[in-house]
Structure formats: C-alpha cells, structure tokens
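This briefing describes the structure shown below.

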Amino acid sequence: TYRMYSSITTQNAVITGNKIKNNTICGTTAAATSYGMFNGAGTFTCNFSNNEVSNNYLPSTLAHSMYGMYNSATAPVMDFNNNLVTGNSSNGTGTLYGIYYTASAPLGSTVNINNNTVTNLQKLTATGTGSIYGIYQASTPQGTLNINNNTVTGFSSAAATLIAGIYQGGTPANFININNNKVGNFTNAGVSTMYGIYSSATTTTQLNLSQDSVFNLTSAGSTIYGMYFT
C-alpha cells in the first residue's frame, strides 16, 4: 500500500507540505509492506521537506513492515529536512520505520537529513517483535552525509523489539556528520537490543559527532547502547 508514490524520471523533485494522516490497514493478517510517502524521483536535486506522516495504524500481527517516509532518490543534492513522523503504530513482526533513506548518491554528493522530528512510534502488543527505527540510512552515498538537529523520541514496545533512534547502516566513502541530535525516551517490555545512535562508518570514512544527546533508554534485560560505532 502506497499512500503517496512518486517515482517518475525527473531531474529535480520538490515534495513539500504533504500530510498523510489517520490511515489504517484493516485486518490482522496483512503480510506485505505499507508506505506513508514513497519517493524515488530526482536525478539532480531532491527537496523532500515539511511533510507529515502521523497517526497511522497497522493492526496485523504478521510480518508486515511499515515505512513512514521512504526515499530512494539518487540526487547528488538531497535535502530531507523539517519533516514530521509521529504517532504511528503497529502490532506485528514486521519493521516499523520513521524515515528511511536508501540511495547510492554519486561522488561529491551532499545528503542532508536535518531538523526532522520522529516521535511516538509504537509496537502495541506482545506480537510486535519486529524492529523500530526512527531515522534509518541504508545506502552508500559517496560524499557528505549530514544527520543533524533531529529529534527522535518516545518509542515504546510491549514486545521484544529492537529499537534504534538514529541508525546509519550504510558505508559512505567520505564524510558523516551526526551532530546536535536529541534521542531518547525509549522503553521496551521484552528482551532485545536498543541503540540510541548507531553508525557503521568504516576506516575510509571521517565520522564527526558533537553535541548529541542520548537519554532515558529503558529495557527489560536487554543490551543497551547509547552510542555504537563499528
């Protein structure tokens, strides 16, 4: 299910000021994938800003993953700024993402994931053993990746759910800046790993971190990492 889908071939994409709110995938046996906003448009530039995905609900107890905002644009100038993802919840074993970016932007690119707010993502029942990620970067852009000034707070689960606030899972070749983010108020009723900020930077990457806050991470017996760097 796509509430808003854009994947045309265009040089420049501007996706701003949209709201996806109060939607439910009915039934408890849905086992596919749902998206609030999906974008793959933008060859040269992409401005994905000032959008809202809020209060959407997935009652399925199966492996149905749910993305608030999903962006796979390969634009070398990428602004993913000032978006709001809040109040989304699910019950199943699928993964719940707030903001998900996966694109291999070219050498010299600048990818900005800044000033976003991702709050109150929830797994509501004991069947919700899938993961919760606030901001997830999964690609390998070759340039500068900025993840700055974001607020990622208020995640909770009634099950054994992996929870991560900011998860930089790709391997950018050049520079990663993770600065002045506020991550915290996570609770987990089951035994599973919890991360405030995670980065998979390699020896070819310059990783810069400053003024990040990680606070109030609570879990029932699992391993908790405030900041984790591979």
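In this predicted model, strand E8 (residues 65-71) runs parallel to strand E12 (residues 96-101), and five bridges pair the two. Met66 faces Leu96 of E12 across this pairing. Both strands belong to an open sheet of eight strands, and the protein chain as a whole has 26 strands and zero helices.

**The eight-stranded sheet**

- The strand order in the open sheet is E1-E4-E8-E12-E16-E20-E23-E26, with parallel pairing.
- Strand E1 (2-6) and strand E26 (224-229) form the edges, each of them pairing on one side only.
- From one strand to the next, the twist averages 10 degrees.

**Strand E21 and its partners**

- Strand E21 (residues 175-179) is largely enclosed by the rest of the structure, because four of its five residues are buried.
- Five bridges pair E21 with strand E17 (residues 143-148) in the parallel sense; in this pairing, Asn146 has Asn177 of E21 as its bridge partner.
- E21 is also joined to strand E24 (residues 206-210) by five bridges, and these two strands run parallel.

- Ser54 lies in strand E6, which covers residues 52-54.
- The relative accessibility of Ser54 is 1%; the residue therefore counts as buried, the cut-off being under 20%.
- Leaving aside residues up to four places away in sequence, Ser54 touches Ile20, Lys21, Asn22, Thr86 and Asn88.

**The chain as a whole**

- The protein chain consists of 26 strands and zero helices.
- Its radius of gyration is 17 Å, close to the 17 Å given by the globule rule for 230 residues, so the chain is as compact as a globular protein of that length.
- The C-alpha trace spans about 45 × 35 × 25 Å along its principal axes.
- Buried residues make up 54% of the 230 residues in the protein chain.
- Of the contacts between residues at least 6 apart in sequence, 83% join residues at least 24 apart.
- The chain exposes about 8800 Å², of which carbon and sulfur atoms supply 47%.

Note on methods. Residues are numbered from 1 along each chain as its sequence is written. This is a predicted model: local features need pLDDT of at least 70, side-chain atom pairs count only at pLDDT 80 or more; totals for chains, interfaces and linings use all residues. Side-chain values use heavy atoms; hydrogens and water are left out. Two strands pair if DSSP finds at least two bridges between them. Axes are lines fitted to C-alpha atoms, for helices over the stretch in contact, and angles run from 0 to 180 degrees between N-to-C directions. Buried means under 20% relative accessible area, exposed over 50%, partly exposed in between (1.4 Å probe, protein chains only). Contact means heavy atoms within 4.5 Å. The radius of gyration is taken over C-alpha atoms; the globule rule is 2.2 Å times the number of residues to the power 0.38. Accessible areas come from the Shrake-Rupley method with a 1.4 Å probe; for residues, only the protein chains shown count as cover.
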